[in-house]
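Thanks for making the time this morning.

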Amino acid sequence: MSSGVAARRDAKKLVRSPSGLRMVPEHRAFGSPFGLEEPQWVPDKECPRCMQCDAKFDFITRKHHCRRCGKCFCDRCCSQKVPLRRMCFVDPVRQCADCALVSHREAEFYDKQLKVLLSGATFLVTFGDSEKPETMVCRLSNNQRCLVLDGDSHHEIEIAHVCTVQILTEGFTPGGSTRATGMLLQYTVPGAEAAAQLRLMAGEDASGSKRQAAAWLAAMHKATKLLYESRDQ
């Protein structure tokens, strides 16, 4: 990919919406697949009362819109200002209690798991029906749109083309949960009728490498949930 194309893919612009300032991709087609669109606000005339506690709005009890769901609430039910990175807001924005809880949980993905995905990990990678795996580093691209695999060969798979993700596990940890050891991923290929398949397995050679791979797989599991939520919006 040329540097000019890469620059266009990563270019951002600052826009102002009724909800606040947002730093969004210059070109909509290059937006993060984990992103959410801003909701349509419930019209003021359709919400004479708080949609949580049913308090009547007047000159003292003012109405506020949650920036995540777009519903109307009183100040008591919509007082938290929480980062909402999936909508690219620059500053924390007002959210109702339920949405704020979700946004707080998602913040962990952006603060921790996303960094793990961007850093990458080493896997034994098998494409389709091939019997010979290739040692490759798998990472998420900086614009979050592609899985990049580098080894003797180079591959890029658009996240938007991923159909299914299955995390492979084995055994039980001392805490009683299974340990991630690999991943099966199906994705569509433009022009092909059937979905392609990719298998990643953590290597057995180095404990540090295995821990990094397990952390990457756990982060990918979280990313998959966010991806499905974005598609269902």
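Let me begin with the lining of the largest cavity, which by class comprises 4 nonpolar, 1 polar and 3 charged residues, where Ala, Val, Leu, Ile, Met, Phe, Trp, Tyr, Cys and Pro count as nonpolar, Asp, Glu, Lys and Arg as charged, and the others, Gly among them, as polar. Please keep in mind that this is a predicted model, in which local features need pLDDT of at least 70 and side-chain atom pairs count only at pLDDT 80 or more, while totals for chains, interfaces and linings use all residues. Residues are numbered from 1 along each chain as its sequence is written, and side-chain values use heavy atoms, with hydrogens and water left out.

By cavity I mean a set of points, on a 1 Å grid over the protein atoms alone, where a 1.4 Å probe fits but cannot get out, and lining residues have an atom within 4 Å of a point. Grid points are joined across faces, edges and corners, and a volume is the space filled by probe spheres set on the points. By this rule there are 2 cavities of 30 Å³ or more. The largest has a volume of about 50 Å³, and its lining is made up of Pro 83, Leu 84, Arg 85, Arg 86, Ser 103, Glu 106, Ala 107 and Tyr 110.

The second largest cavity holds about 40 Å³ of space, and its lining divides into 6 nonpolar, 1 polar and no charged residues. Those residues are Phe 34, Ile 159, Val 165, Met 220, Ala 223, Thr 224 and Leu 227. Helix 3 (residues 207-232) gives the largest share, 4 residues, helices being DSSP runs of H or I of at least four residues and strands runs of E of at least two, numbered from the N terminus.

Turning to the cysteines, a disulfide here is a pair of cysteine sulfur atoms within 2.5 Å, and the count comes to 1. Cys 47 is joined to Cys 72, with S to S at 2.4 Å. This pair links distant parts of the chain, 25 residues apart, with Cys 47 in the loop between strand 2 and strand 3 (63-65) and Cys 72 in strand 4 (residues 72-74). Both Cys 47 and Cys 72 are buried, meaning under 20% relative accessible area, with exposed over 50% and partly exposed in between (1.4 Å probe, protein chains only).

Finally, strand 1 and strand 2 form a hairpin with 2 residues between them.

Notes: Two strands pair if DSSP finds at least two bridges between them. On a 1 Å grid over the protein atoms alone, a cavity is a set of points where a 1.4 Å probe fits but cannot get out, and a pocket is an open set with protein on both sides within 12 Å along at least five of seven lines; lining residues have an atom within 4 Å of a point.
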